[in-house]
Amino acid sequence: MSVRWKRLGSASAAPYPSPEFFRGVIPPPDSLAEYAELYFTRAAGCCFYLPRSGTDAWETYDGRWRFGVVMDDGGRPEAGVPAVLQLTGERTDAPMAAPADFTLSAVDGGLLSNVRWWFMQPMANTFNGDSIPFVREPPPSTFTLPVPRYPDAQRTTVVELTECATQVTCRYQAPAAGAVVAMATLADGRVLGARATPALACGVAGVSGLRAAGRSLAAACEPPAPPTLKLECPSSSTRGEKIACELRLSDATLVFSVSEVEVYATSGTSGFSIVLSAPGPIAAGAVYRMEGPAVATTRLSAKGTVAWRGQTLNLVGSTSFVVKERPRELDEYVMTLAPKADGPGRTTKFPSTNRGGSTLGLYRRQPPLFDSLQIATAATGPNRGLSYVVSVPGIPASLINLTFAIFPGDPWYEAHPVQPGPLNDAGVLICTRSKIDDLRLQAERHEGVTLASNSHYGLDQAFLRRVKLGAFIGAHVSNVAGSPDQIRRQMALELMQEWSREDAYLWILQRAFDAKDVPAMLAALGCSIYLKD
Amino acid sequence: MGHIVRTTFRYFSIALAIASIGVGVPKANAQSDKDQHDCKKAIQIVARGKPDKKEEWAWATVLGCGAAGGVAARDAWMQARTEVDTRSLEELYSRLWSFRDSALFNAAHGIFADAVASPQGRVYSAMLLVSLLFDAQDPTYEFFSSTKSLDICRTGSVAGRIVSHGGPLPSDAEERTRRAAQTILHGSTAPAIVVSAAHCVDQGIRMNEWVRAHPYTPPTR
């Protein structure tokens with residue numbers, strides 16, 4: 001509910017408020033050096049006017065009932081009278097989620113009669129200082145002088161809650177921001193009105209004694225808390241699932257403006273600062289919603305301003321949410337295919353000499369086809385602009401080359417003796433074909449044909465299990481801009497870089513394995529595989 | 001990294017030789033004389049080209065003949081300049097891919113950059129350059145000739161390769177190779193397969209630079 005204050009001046013002021021009356025500095029609500037009164041939005045059928053003869057009315061709603069002082073939604077005294085009639089219940093500065101009880105009582109415990117209830121929904125919530133047109137009150141009023149009246153469209157809608165009539169407790173669900181108001185006749189015959197206030201029961205509106213009592217009520221009620229920016233997101237989500245964050249003002253009756261929305265998202269070891277487009281002015285009661293796929297654990301902050309009681313307040317709101325990063329299918333990113341025999345490849349064709357180095361076998365590791373990577377980019381929401389991996393290609397089968405020389409039928413194999421005895425020109429016993437067969441089995445084991453753990457393949461697979469590249473891929477997020485294809489290519493390159501980095505480390509392990517296993521393998525033969533030295 | 005790798009492989013070759021010989025390592029002088037004789041003979045065979053019944057022995061021997069072997073390797077690789085048969089090129093490549101020698105490097109670099117050389121020969125020269133620069137890299141014609149601009153060049157890695165050494169590579173070998181690749185990439189006249197190879201060379205060098213700057217640290221457990 002919008003609350004606007006105006007200076008009334010002294011009781012001896014001009015008999016009718018002039019348009020100027022609404023201009024100028026609006027004093028804070030607790031400064032009661034002069035009478036201050038809520039200008040209850042620009043809504044009432046007839047705003048207010050000074051008391052007519054025989055009444056003390058300050059504000060009249062449709063001429064049916066009146067009160068001069070009400071509480072605003074923050075529990076602030078708008079003017080002040082001792083609490084004679086009090087109404088307690090839920091806040092109604094936003095639509096209520098469920099019905100709740102509103103209770104009307106006399107402070108002195110006296111009986112109340114002729115109880116009636118209303119819900120007032122303001123059509124406009126701002127007072128911009130414009131002059132209010134002076135018009136004559138329509139019949140049946142007999143008041144002939146023009147009074148300031150708002151146009152119909154700007155007036156409060158007043159709905160009587162007939163179902164609560166005569167009851168001191170009214171169960172009601174406010175459909176919008178507004179005020180629950182009740183009126184009753186006290187035991188002494190006074191007719192008073194009251195407006196619901198949260199928790200604190202600040203009485204409202206005597207017909208008489210209004211001015212005199214003002215200061216005491218002001219002291220009894222706490223000053224209102226300034227409005228705050230509420231930024232709310234679900235606390236956690238899973239990557240790719242939709243997440244919605246909402247930005248609103250605690251006081252749903254005020255227009256506010258958001259000038260900055262910043263995101264700091266983290267995934268794996270990467271962090272991204274993103275500035276989202278700011279929504280600018282947001283209507284009173286409206287919620288700014290940011291909805292899109294969750295990509296990375298995020299801290300979200302927003303800055304803005306609101307005009308509040310004559311000053312501009314800076315607003316800051318922040319929140320965060322956690323995103324579970326890794327798709328389950330990437331838990332173990334290893335080779336699912338056995339290595340593939342690929343002929344002799346570039347092995348030494350004719351290892352008749354050890355001088356140039358005899359490569360009997362090769363283990364060739366294949367990188368995943370990262371170009372066929374599938375990614376998704378958040379086009380909306382708090383993680384807008386962040387891309388993540390949706391699916392990644394498998395690791396191709398490694399290739400194993402073995403020289404033909406160690407297979408029966410090859411001239412080199414056949415050149416070896418069947419029976420032990422011959423020496424090569426270095427005077428060392430030449431291996432028999434049977435020994436070369438043993439060597440072939442060992443070479444197959446060494447490269448990984450048998451899937452042995454003590455093989456290049458076995459080392460590779462164990463390494464993949466250890467480094468958890470899948471976790472890296474699953475956590476990998478990029479904020480690169482561009483077309484979907486450009487983003488995909490860039491992310492593929494980033495994944496290939498990581499693969500290469502780990503590959504370089506694995507290669508050192510493989511080399512150490514060669515340095516240990518090959519000499520042992522050859523030494524175990526007890527002969528020279530070379531026909532000549 | 002390259003220096004360390006080379007040193008290790010030299011050690012490994014020696015270790016392999018000792019292990020295979022078992023006992024009775026020949027005297028150095030006698031071995032040296034025999035080596036020189038074998039090298040001279042092997043270089044002549046390689047220079048004559050195939051067919052020769054000792055061709056396989058000759059190729060294997062040449063790789064252990066140091067810089068002299070490099071000259072023979074260079075001459076052999078110059079055949080790639082006009083060769084369009086990828087099977088022949090693959091065979092030649094398979095014999096020389098692990099012979100790190102300056103003369104061979106210069107020949108490959110020259111053909112890769114030579115606009116009038118056969119496209120297939122230029123692609124294989126690009127592969128050879130990468131093989132000579134990086135021990136673990138395993139270029140294939142399939143990917144070096146078909147990778148589109150901006151795509152990942154799928155160069156695998158190889159374990160078990162034994163690199164032999166001739167004359168040391170120029171200290172700026174990597175930079176020269178990169179420049180040659182970029183010249184091709186920035187030009188507009190090279191055949192598509194050569195552009196693809198240049199892309200793979202450029203990407204391979206960049207990738208190795210990145211890996212050197214971001215070495216992997218395994219998880220501790």
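Is C164(A) buried or exposed? C164(A) has a relative accessibility of 4%, so this residue counts as buried, the cut-off being under 20%. Before I go on: this is a predicted model.

My topic today is the disulfides. Over all chains, a search of the whole structure finds five of them. I will go through some in chain A and then say a word on chain B.

C164(A) is bonded to C170(A), with an S to S distance of 2.0 Å.

Next, C233(A) and C245(A). Their sulfur atoms lie 2.1 Å apart in a disulfide. C233(A) sits in the loop between β15 and β16, while C245(A) belongs to strand β17, so this pair ties together parts 12 residues apart in sequence. With a torsion of about 120 degrees, the bond is right-handed. C233(A) is buried at 16% relative accessible area, and C245(A) is buried at 0%.

Then there is C431(A), which a disulfide joins to C527(A), S to S 1.9 Å. C431(A) is in the loop between α2 and α3, and C527(A) is in the segment after α6, so the link ties together parts that are 96 residues apart in sequence. Here the torsion is about 100 degrees, so the disulfide is right-handed. As for burial, C431(A) has a relative accessible area of 0% and is buried; C527(A), at 8%, is buried.

Last, chain B. Counting bonded cysteines along that chain, its disulfides follow the pattern 1-2, 3-4.

Note on methods: Residues numbered from 1 in each chain as written. Chains lettered and ligands numbered in written order. Predicted model: local features only at pLDDT ≥ 70, side-chain atom pairs only at ≥ 80, totals over all residues. Heavy atoms only, no water. Disulfide = S-S within 2.5 Å. Buried < 20%, exposed > 50% of the residue type's maximum accessible area, 1.4 Å probe, protein only. Helix = DSSP H or I, 4+ residues; strand = E, 2+ residues; numbered from the N terminus.
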